[in-house]
Amino acid sequence: MFWKLCLTVALFMAAPSACVTLQSPAPLAAAYPGWFSADDHALTWADGEVMPLDDGRIFKSFADKLLSADLDDQLSLPYPAGSSFPLPKTDQDPGRLRFMPFFKKMYGATEQDVREKLVTVRWLPNSADVPLLVTTVNGVNKSLEAISAEIEELSPETKACALRPAGTFCWRPIAGTDRLSPHSFGIALDLDVEWSQYWRWDLDGDKKKMEYANRIPLEIVEIFERHGFIWGGKWYHYDTMHFEYRPELLGKRLERLPKGAAQ
Ligand SMILES: [Zn+2]
């Protein structure tokens, strides 16, 4: 009887793993051409390193995923591109789940590695002319130059929130955590803090609660998205100043661009 019980328990515990469906790695392969080949289980990088899509952990809370996402988690939350999007539901933060070894492999594993690939982009040269350090990897600097050129064409009222960007590259942890920020890789840009809402300011400040609001014009959001950047204003844990180069979450948007435009 006892062995039957053990077998039943073992089968019950084993069952979920047999039913787990992994995210397709196709968006990664399409967004980052030339870096790796992908099959249903792993990425194989050009130098032979293999990165499994799944870490084998079945029951991960949202906090677990934030702390130690795998590639499957990274692709698991769909990003709602475009000006029409629903208010994010609890923990719907597409883009905040990041498999760190993936970013370190691509952009640099140490501050020095990352710095060697940075260049200065003159942001809004006709109206603000702010030097911003960004990576050349994946042509992120070219994308940001194209974004800057498009924002320059907007009305003074619309582009006011972009005149004093708060920063790009900075090798640092995310505020309140010891997880490395995407700013560490030179792939993220914060617009003017005076125009921004950040969940942590609301929760830790006088309000003591999160209250979604946004003052960043969606015209600007759309420009960033067309060039491969996601926006923190579409997160439940909102960060409306934050834009980050994550083309794997914008697959359908990028398909509409001319070939090579996303680079
Ligand atoms: Zn940021």
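1. Among the 35 residues of the largest nonpolar core, the ones that touch the most other members are Val 134, Ile 220 and Phe 224. A nonpolar core here is a set of buried Ala, Val, Leu, Ile, Met, Phe, Trp, Tyr and Cys residues joined through C-beta atoms within 7 Å, and a residue is buried if 20 or more other C-beta atoms, placed from the backbone, lie within 10 Å of its own, exposed if 12 or fewer, and partly exposed in between. Two or more residues of this core come from each of β4, β5, α7 (140-152), β6 (188-190), α10 (218-226), β7 (229-231) and β8 (242-245). Apart from this core lies another, of 12 residues, including Phe 36, Ala 38, Leu 77 and Phe 99.

2. This is a predicted model, in which local features need pLDDT of at least 70 and side-chain atom pairs count only at pLDDT 80 or more, while totals for chains, interfaces and linings use all residues. Residues are numbered from 1 along each chain as its sequence is written.

3. Leaving aside residues up to four places away in sequence, Val 134 touches Leu 118, Val 119, Val 121, Val 140, Asn 141, Leu 144, Thr 168, Phe 169 and Gly 186, where contact means C-beta atoms, placed from the backbone, within 7 Å.

4. Asp 91 is not a glycine, yet its phi is positive, at about 65°. Asp 91 sits in the loop between α4 (71-74) and α5 (100-107), helices being DSSP runs of H or I of at least four residues and strands runs of E of at least two, numbered from the N terminus. Asp 91 is partly exposed because 15 other C-beta atoms lie within 10 Å.

5. Asp 129, also a residue other than glycine, has a positive phi near 50°, and lies in the loop between β4 (118-123) and β5 (130-135). With 10 other C-beta atoms within 10 Å, Asp 129 is exposed.

Notes. Two residues are in contact if their C-beta atoms, placed from the backbone, lie within 7 Å.
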